[in-house]
Amino acid sequence: MKTLRVILGDQVTRDISALTDLDPARDVVLMVEVAAEARYVPHHKQKIAFLLSAMRHFAEALRAEGICVDYVKLDDPDNTHSFTGEVTRAVARHAPQAVVVTEPGEWRVWQMMQDWPLADIRPDDRFFCSRSDFDALVKARKTGRMEFFYREMRRRHDILMRDDGPEGGQWNFDPENRKPLPRDLRPPPRRRFAPDAITRDVLTLVADRFGHHFGDLEPFGWGVTRDDAVLALDHFITDCLPTFGDYQDAMKAGEDFLYHSLISPYLNCGLLTAREVCARAEAAHHAGHAPINAVEGFIRQILGWREYVRGIYWAEMPGYAQTNHLNATRDLPALYWTGQTAMNCMAECIGTTRRQAYAHHIQRLMVTGNFALLAGIAPAQIEEWYLAVYADAYDWVELPNVHGMVMHADGGRMGSKPYAASGAYIDRMSDYCKGCRFDPKVKLGPRACPFNYLYWNFLIENEAALSRNPRMSLPYRNLERMPDMQRHEITRSAATFLDSLPAWSRPESASW
Ligand code: FAD
Ligand code: DLZ
Ligand code: SF4
């Protein structure tokens, strides 16, 4: 039976379910570059270049195996520029008896697939936890919190386990992983990859067609093949993993990567698997190369958080994206796109994002995310930003992180309390405040750090929704003791500051 096998841009692996029973003598693999995928949000230029180059390299690798690949390029004159249009055209070209595809990472594309002719949609088994296993697990537990999910994953997959208990005697080494970076410690230079001829062609294409999108296109240093991704993982395990835990939450001006792995774009598009990454980290611990706090902290991100957010996404969509528990409605300020702000922490994190299509977790959560939460940005607007600006962003992973973890718009489905913090947190975990016009120790007045009065204003504005949350009782007790005059000054300062921020005006056509 001749089968058309559709491979999407985030499925560039030979281990994808759509290819398991491929017959090279009869079947055709379809890969399509379509403008709709680059434009439904204004993706960072590096993200588009990374995926198109990874797709082109993967197509070459399949052809080298003798597999027939029908690859539609972005500049093909007959390109309809949508997935459905291209699948329909390919069905007319090849007259297959079946169209096989692996389920996508986005509800948006899942809906499209329902209209594809002859479609056999297969589960994506690249994850440790299937969608149905996640639902069953969460139903079986009274609480669906990440920590319990993660422990169950450790047991089920026998990762970092010893004599039926957790390796190192405790499940979670987080308390050891919150150190600021010492001033004299220099993180190692990072392994980046020089563009080859295929990538250079793609860079020219992206500059021509998407030059107006957010972010710098070059220097472009992402790996684009399976071999590159394995080298990037080797480098992380050897040079960074031992120190990863200690400085997992640290931030430093001018240091874009610290000890983070930089592997999320590879994991999410298929160049690395979650199983191999966890196995490599665990082996490094057993070989005495990396301490338990680093290895447990790293594995928790992948076996715990990554699997958990994916489970939440599919269990809760499509309703999940519609909730707005804190009724946040403010337009996204232009500074998210321009990076122009006197708040040094925001300028640093947005600068990294612009240069690298990357920022590490604490920058995303406690700086740009914290600001969006405290400022009451409309969830859909800040979600669009996060989906656009990171090379690793797909709806299944971005949405629960932003809608749930950052914005608390899901009313606590993801996290039991919002991660709201004043300037003191950023001051403790970074050196950003030293280069800032504002002072994290000043609460009110022109020198006051905006995060300070925005934090208290957030508590005041959301008293009805949050004050009965047991995990928020301490800040609300402090708020209760605050004199009315001070409360008044806080709300006034917050309103004046927020109203002074220029809003971002979306181009009329929004066709990016
Ligand atoms: P490391 O710090 O080295 O961590 C190792 C791996 O753990 C990552 O590669 C990633 O696969 C996984 N991981 C860590 N934290 C999370 C998490 N919260 N959710 C899912 N996986 C996690 N990650 C994405 O892959 N895509 C996104 O679109 C995305 N959006 C985010 C938005 C916000 C507001 C926040 C707070 C986090 C977001 N994350 C997202 C999670 C995390 O920030 C990135 O995975 C991480 O920064 C990627 O860099 P790294 O590979 O160096 O990660
Ligand atoms: C993000 C992206 C971009 C920019 N371009 C393409 C493309 O041209 N062709 C393709 O197959 N995939 C692309 N992608 C990734 C898709 O958006 C992703 O596969 C879907 O969102 C499903 O998760
Ligand atoms: Fe950010 Fe406030 Fe520190 Fe400035 S003083 S860098 S605004 S936390």
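How many residue pairs are in polar contact across the interface of domain 1 and domain 3? The rule finds seven, with both residues at pLDDT 80 or more. A polar contact here is a pair of N or O atoms within 3.5 Å; within protein, one must be able to donate a hydrogen and the other to accept it, and residues adjacent in sequence count only if both atoms are side-chain atoms.

## About the model

This is a predicted model, in which local features need pLDDT of at least 70, side-chain atom pairs count only at pLDDT 80 or more, and totals for chains, interfaces and linings use all residues. Residues are numbered from 1 along each chain as its sequence is written, chains are lettered from A and ligands numbered from 1 in the order in which they are written, and side-chain values use heavy atoms, leaving out hydrogens and water.

Let's look at the chain's parts. They are domain 1 (3-122), domain 2 (131-312) and domain 3 (335-499), with bounds from an automatic or database domain assignment.

Twelve residues of domain 1 are in contact with 16 residues of domain 3 (heavy atoms within 4.5 Å). On the domain 1 side, His 44, Lys 47 and Glu 106 lose the most area to domain 3, together 42% of what that side buries (buried area is the accessible area, with a 1.4 Å probe, that two parts lose on being put together, summed over both). Domain 1 and domain 3 bury about 1,100 Å² between them, 56% of it on carbon and sulfur atoms.

## Around the ligand

Now for ligand 1: an oxygen atom of it is 2.9 Å from an N or O atom in the side chain of Asn 268.
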